[in-house]
Structures are given as structure tokens and as C-alpha cells.
Amino acid sequence: MAADSLLAAEALGGNRYALARLISLIEDDGTDARAALATLYPHTGQAHIVGVTGAPGTGKSTLVNELAKALRAQDTTVGVVAVDPSSPFTGGALLGDRVRMRDLAGDPGVFIRSMASRGSLGGLARATNDVVKVLDAVGFAVVLVETVGAGQAEVDIARTAHTTVVIEAPGLGDEVQALKAGLMEIADVLVVNKADRPGAAQTARALEMVINRNVPDARGGVGEDAWRPPILQTIALDGTGVPEVLAAVGAHRDHLRASGLWASRERARVETELRNVLQQEMLGRLLARVGEGQVATWVDRIAAREVDVYTVVQTILGEEGSDAD
Ligand code: GDP
């Protein structure tokens with residue numbers, strides 16, 4: 001057996017050291033990682049993938065920590081992938097992880113990993129997706145994916161979850177930040193955290209108004225099948241409201257299963273992934289063939305108005321009838 005497949009087999013057998021090494025391998029990408037993922041893939045498809053997103057400072061990390069603790073109290077195993085595109089660090093050694101670890105350390109039913117940007121956001125999305133697959137394959141029942149809801153890439157990461165929890169908090173300046181970040185459309189459960197602060201009820205009312213506008217064309221189906229995102233208030237600092245969030249997440253999973261949306265979302269996820277990977281691979285191969293030096297030359301010539309971008313693309317693709325040369 002090749003080393004990478006052995007690592008995958010060991011991780012499947014419950015070896016945490018192998019699991020950690022496997023995840024590092026996957027973050028680095030490359031052929032070894034792909035072989036391991038091929039071994040793991042038939043074991044995926046069991047976990048409930050839950051995205052947790054919101055603006056910085058809303059209390060995501062604190063809430064995710066509480067959700068993980070509450071899941072463990074129900075004897076549910078949980079993997080946590082914390083994605084921070086702004087952080088240059090990776091490998092599960094962030095300060096935030098150490099804080100989390102204090103509560104959850106030593107529990108084999110929990111695995112926490114931080115992911116940071118490695119060049120491109122697209123690369124981060126791919127790596128996150130693959131790490132989620134690993135945690136799913138080795139048997140974590142719930143995988144929480146925490147992302148900073150700041151831009152399209154983060155929204156895309158959140159979109160790969162079965163259930164997306166969007167977090168708001170009062171007093172962060174803007175009335176409804178989720179609206180600004182385009183997160184309302186992907187929210188299955190809305191949480192107003194920091195309910196101990198003034199303005200929480202007002203924020204909840206503002207969210208309610210947006211929901212009333214969006215439903216029944218929200219993403220949970222139409223008519224009687226429509227899922228209406230509940231709006232819940234929490235105090236992540238002391239765990240208030242956390243069981244209700246877990247109950248809503250569970251209810252959403254049941255709704256997806258009962259309505260058939262689980263299968264259609266899975267299919268949509270796979271299709272998006274296939275198209276993304278195909279796009280990245282083809283572009284990568286093409287650029288490798290053309291060479292960065294040649295690309296730079298084309299850029300110079302386009303910028304100098306000697307040739308236009310479509311003509312260059314046709315030339316690169318080797319199409320006939322091009323006179324860019
Ligand atoms: P993140 O940036 O969204 O991950 O937010 P954090 O979890 O790091 O929390 C940001 C700050 O808000 C920290 O100082 C937390 O202690 C604090 N915080 C989190 N939840 C609550 C809450 O329910 N009430 C109050 N008052 N503070 C909170």
C-alpha cells in the first residue's frame with residue numbers, strides 16, 4: 001500500500017496522529033493528497049456539515065465552541081474546521097485553537113483544525129472542502145465549518161454546508177451586517193448572539209423583516225415545503241440559547257431529509273465541486289504549458305493595445321483563425 005493510502009487507512013481506523021498528518025498533506029495538495037482522498041471518498045456522505053458564518057466579532061468562535069460542547073454532551077462526535085482567510089498561520093496552532101482546546105482537550109470525539117489562506121481563496125475553499133471530507137470519512141457525525149462572513153469566497157465556503165447558521169450581534173455599527181455581506185440568502189438558521197447586550201431584540205426584529213421579505217423563495221423549497229429560517233438569540237459566553245440552536249440545526253437536517261432536498265443539495269455540491277476542480281486543473285495545466293513568461297508578454301501586449309484579450313485566449317487555446325502572433 002502506498003504511504004498516503006496507509007495514512008488514510010490509519011486515519012479511518014481512528015488514529016488521530018494519522019488524521020492530523022493526513023489533513024496537513026491535504027492542505028499542501030499534491031498527488032499524495034489526492035490518492036488519500038480517493039481512498040477516503042467512499043466513506044464520506046455521512047456527516048451533517050454545518051456552516052457557521054458572520055462578521056468578525058459577532059462571537060462565531062465562542063458559539064462554535066459552545067455548539068461543540070453541547071454536541072459532545074449529547075455524545076455526538078464533532079469536527080471543527082475554522083477558516084480564516086486573513087490569517088497567515090495554519091496547522092491548528094492558532095491562539096484561538098488553544099483557547100478552544102482548553103474546554104475540549106483530550107476528548108477523542110472532537111477534532112479541531114484551523115485553516116488559513118495559502119495564496120488564493122479558491123485554494124482555501126478547495127482545501128476546506130477536502131478537510132471536511134476527511135472528517136466526514138473518519139466518522140465525525142457533525143462537522144462545523146466556521147468562516148468569516150466577509151466576501152464571496154466565504155459565502156461560497158458556507159454554501160458547501162448542508163445547513164448554514166448565520167450569526168449577527170447587536171452594536172457592531174451596521175443594523176444587519178449579514179444583509180450587507182449577502183449572507184441572508186444562504187441562512188438556514190439565524191442567530192443573534194450577545195443577547196445580553198442592548199439592541200439584540202431590535203436586531204432580531206430587523207432580521208425578521210428581511211425573512212418575511214425572502215420567504216417563501218428562501219432556499220428551503222417553496223410553498224408548504226419552505227423552510228423558514230428561525231431567528232434565535234444566544235449568549236455564547238455562558239451558553240444561553242445554545243441548545244435551541246442545536247435543535248434548529250437538527251430540525252433543518254430533518255427537513256432536508258424529509259423533503260428530498262438533502263439529496264438534491266448533495267448533487268448540487270458535487271456538481272459545483274466538479275466544475276471548480278475542472279476549471280482549476282485545466283487553467284493550471286494550460287498555464288504550465290504556455291509558461292508564466294509568455295503570459296506576462298501577452299499581458300504587456302494587451303495593455304499596450306497591440307492585441308485584445310479574446311484574440312490572445314484563442315491563441316493560447318490553439319484555435320484556428322487567430323492572428324494574434
Ligand atoms: P468571532 O470573531 O466572530 O469569532 O468572535 P469571538 O468568538 O472571537 O468573540 C468576539 C468577542 O465577543 C470576544 O471578546 C467574546 O468574548 C465576545 N462574546 C462572544 N459571545 C458573546 C456574548 O454572547 N455576549 C457578550 N457580551 N460577548 C460575547
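A residue counts as buried when its relative accessible area is under 20%, as exposed when that area is over 50%, and as partly exposed in between. The structure described here is a predicted model, and these classes are applied to its residues in the paragraphs that follow.

Lys 69, at a relative accessible area of 30%, is partly exposed. Both residues belong to helix α4, where a separation of 3 residues corresponds to about one turn of the helix. Side chains of opposite charge can pair when their charged atoms come close.

In total, the structure holds 14 salt bridges. Another of them links the side chains of Glu 281 and Arg 285, with an N to O distance of 3.7 Å. These two residues lie in helix α11, which spans residues 261-290, and are 4 residues apart, again about one turn of the helix. Glu 281 is partly exposed at 26% relative accessibility, whereas Arg 285 is exposed at 61%. Salt bridges with shared partners also connect Arg 126, Asp 130, Lys 133 and Glu 273 into one network. A further salt bridge, at 3.4 Å from N to O, is formed by the side chains of Arg 253 and Asp 254. Arg 253 has a relative accessible area of 29% and is partly exposed; Asp 254, with 43%, is partly exposed as well.

On the side of Asp 196, a polar side-chain atom is 2.8 Å from a nitrogen atom of the ligand. The ligand taken alone exposes 580 Å², and the protein buries 71% of that area.

The side chain of Thr 163 is joined to that of His 48 by a polar contact of 2.8 Å.

Most residues other than glycine have a negative phi. Asp 75, although not a glycine, has a positive phi of about 70°. Asp 75 is placed in the loop between α4 (60-73) and β2 (78-84) and is exposed, with a relative accessible area of 64%. Arg 305, likewise not a glycine, has a positive phi of about 65°. The loop that holds Arg 305 runs between α12 (292-303) and α13, and Arg 305 is exposed at a relative accessible area of 72%.

Val 309, Tyr 310, Val 313 and Leu 317 make a nonpolar surface patch of about 400 Å². Of these residues, Val 309 is assigned to helix α13 (residues 309-316). With a relative accessibility of 42%, Val 309 counts as partly exposed.

Key:
Residues numbered from 1 in each chain as written. Predicted model: local features only at pLDDT ≥ 70, side-chain atom pairs only at ≥ 80, totals over all residues. Heavy atoms only, no water. Polar contact = N/O pair within 3.5 Å; in protein donor to acceptor, adjacent residues only side chain to side chain. Areas by Shrake-Rupley, 256 points an atom, 1.4 Å probe, with all protein chains shown as cover. Patch = residues over 30% accessible without salt bridge, like charges linked within 9 Å, V, L, I, M, F, W, Y side chains within 5 Å. Salt bridge = Lys/Arg side-chain N within 4 Å of Asp/Glu carboxyl O. Buried < 20%, exposed > 50% of the residue type's maximum accessible area, 1.4 Å probe, protein only.
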